[in-house]
Amino acid sequence: GESPNLFLFDHFELARFHLKKADLPRGSKIINAPKSILNEYAHWVVGGVLVFVLQLVLILVLINTMRQRRLAEASLRESDARFRAFVDHSPSIMYMKDLHHNLTMVNTKYREFHNDGDSNFIGTRGGKTFDEAKRRKVEALDRKVIDGGVAITSDLSVASDDGDKREFIITK
């Protein structure tokens, strides 16, 4: 039913007679047609578009990650402020130490007991006012807590900077 003939048309002749591709029979081939940049470099164009889309996706992922990080940091600051307020308003002397027995946090009552409200205790060794035997006892209790992972309660006699001697029940 179909013609075995192949219709070939020269692009220059079509242009000379102002004929359009739509005016030609179906299945016609045009020879000497100039190649468009898109046809000539299609694989480069597709590759460029893919790289652009990939970069856009990565940028959006990074923006979302930064937003989530800012929200997490704000939540952490709020939580830290609540914890700090709780510790500072406690009627007990409270402090935290690192694994090397250096203070990482002290509350207001700790500062008041040492009569040094403005001093920065952070980073100093805990129990610096203790004699060597008492310091070893406190650090041995610290080590038990660190190694055993359980809370320990003990009593300790401590003198404040103004000479006031007190008995404490300490929980670590």
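How do the residues of the lining of the largest pocket divide into nonpolar, polar and charged? They split into 17 nonpolar, seven polar and five charged, where nonpolar takes in Ala, Val, Leu, Ile, Met, Phe, Trp, Tyr, Cys and Pro, charged takes in Asp, Glu, Lys and Arg, and polar covers the others, Gly among them. Before going on, a word on what you are looking at: this is a predicted model, in which local features need pLDDT of at least 70 and side-chain atom pairs count only at pLDDT 80 or more, while totals for chains, interfaces and linings use all residues. Residues are numbered from 1 along each chain as its sequence is written, and side-chain values use heavy atoms, with hydrogens and water left out.

Back to the pocket. Rolling a probe the size of a water molecule over the atoms shows where empty space is left. Here, a pocket is an open set of points on a 1 Å grid over the protein atoms alone where a 1.4 Å probe fits, with protein on both sides within 12 Å along at least five of seven lines; lining residues have an atom within 4 Å of a point. The largest pocket holds about 710 Å³ of space, a volume being the space filled by probe spheres set on the points, with grid points joined across faces, edges and corners. Its lining has 29 residues, and I93, Y95, I170, T171 and K172 are the ones nearest the centre. The elements giving two or more residues to that lining are β3 (95-97), α4 (108-113), α5 (132-148), β5 (153-159) and β6 (165-171). Those labels are DSSP runs numbered from the N terminus, helices being H or I with at least four residues and strands E with at least two.

Now for the largest nonpolar core. It has eight residues: F113, F130, V138, L141, I152, L156, V158 and I170. Both α5 and β5 supply at least two residues of this core. A core of this kind is a set of buried Ala, Val, Leu, Ile, Met, Phe, Trp, Tyr and Cys residues joined through side-chain atoms within 4.5 Å. Buried means under 20% relative accessible area, exposed over 50%, and partly exposed in between, with a 1.4 Å probe and protein chains only.

D164 touches V158 and A159, not counting residues up to four places away in sequence; contact here means heavy atoms within 4.5 Å. D164 counts as partly exposed because its relative accessibility is 33%. Its C-alpha atom is 27 Å from that of A85, 79 residues away along the chain.

S90 lies in the loop between α3 (42-88) and β3. Its relative accessible area is 12%, so S90 is buried. A polar atom of the S90 side chain lies 3.2 Å from the backbone nitrogen of S92.

Over to the N-terminal side, with F7 in the segment before β1 (8-10). F7 is partly exposed, at 36% relative accessibility, and it contacts P25, S28 and K29 once neighbours within four places in sequence are set aside. The C-alpha atoms of F7 and A151, 144 residues apart along the chain, are 94 Å from each other. S28 is in the loop between α1 (11-16) and β2 (29-31), and it is buried because its relative accessible area is 16%. A polar side-chain atom of S28 lies 2.5 Å from the backbone oxygen of P25.

Finally, two histidines with positive phi. H18, in the loop between α1 and β2, has phi near 55°, and H101, in the loop between β3 and β4 (103-106), has phi near 65°. Which of the two is buried, and which exposed? H18 is exposed at 70% relative accessible area, whereas H101 is buried at 9%.

Conventions. A polar contact is a pair of N or O atoms within 3.5 Å; within protein, one must be able to donate a hydrogen and the other to accept it, and residues adjacent in sequence count only if both atoms are side-chain atoms.
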